[in-house]
Amino acid sequence: MKIKLKYIVENTEPIANLLKLELPVKTAYKLAKLSNTIQSELREFEQLRNNLIKKYGKQSGDEIKIEPTDKETFGKFSSEITELLETEIEINYTPINIDELGSIKLSAYDIGKLLPFFEQANENLK
């Protein structure tokens, strides 16, 4: 499955919310595998993000910070992080049919965020 990195970064909380629910065993297994894959991608993203912060940031006490008031530096950082987030990556994951979730309840926010990880239940959802 190809997906932009930003969808992985943005969806950690909705996936965690889904993993807390009681699901059919096969569905829970698929989601656990997805979570492991996502955690691996997130570690790589955080490492690259931290490298960009070191590249563009300035030491401020114990931290390295990028000052939004430094428009040139902040602009370069923002441009590179956006480019990184728009990167399409391949993850080994077969989308789950939304019907596999059974009668669980999810917020509209979580459903909206999780749509890239679900096979569409019917054509009206597209």
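A crossing is left-handed if the near helix is turned anticlockwise from the far one by less than a right angle, and right-handed if clockwise. Helices here are DSSP runs (H or I, at least four residues), numbered from the N terminus.

This is a predicted model: local features need pLDDT of at least 70, side-chain atom pairs count only at pLDDT 80 or more, and totals for chains, interfaces and linings use all residues. Residues are numbered from 1 along each chain as its sequence is written, and side-chain values use heavy atoms, without hydrogens and water.

**Helix packing**

Axes are lines fitted to C-alpha atoms over the stretch in contact, with angles from 0 to 180 degrees between N-to-C directions.

| Helix pair | Axes come within | Crossing angle |
|---|---|---|
| α2 (residues 12-19) and α3 (residues 25-56) | 11 Å | roughly 155° |
| α3 and α4 (residues 71-85) | 10 Å | roughly 165° |

α3 is therefore roughly antiparallel to α4 (angles over 145 degrees). α3 passes α4 in a right-handed crossing. The residues of this contact (heavy atoms within 4.5 Å) divide into 9 nonpolar, 1 polar and 4 charged.

α2 and α3 are also roughly antiparallel to each other. Their crossing is left-handed. Residues meeting there include Ile 15 and Leu 18 in α2, and Leu 31 and Ile 38 in α3. The contact of α2 with α3 has 8 nonpolar, 2 polar and no charged residues.

Nonpolar covers Ala, Val, Leu, Ile, Met, Phe, Trp, Tyr, Cys and Pro; charged covers Asp, Glu, Lys and Arg; the others, Gly among them, are polar.

Note on methods
Helices (H or I, at least four residues) and strands (E, at least two) are DSSP runs, numbered from the N terminus. Angles under 35 degrees count as roughly parallel, over 145 as roughly antiparallel, 65 to 115 as roughly perpendicular and the rest as oblique.
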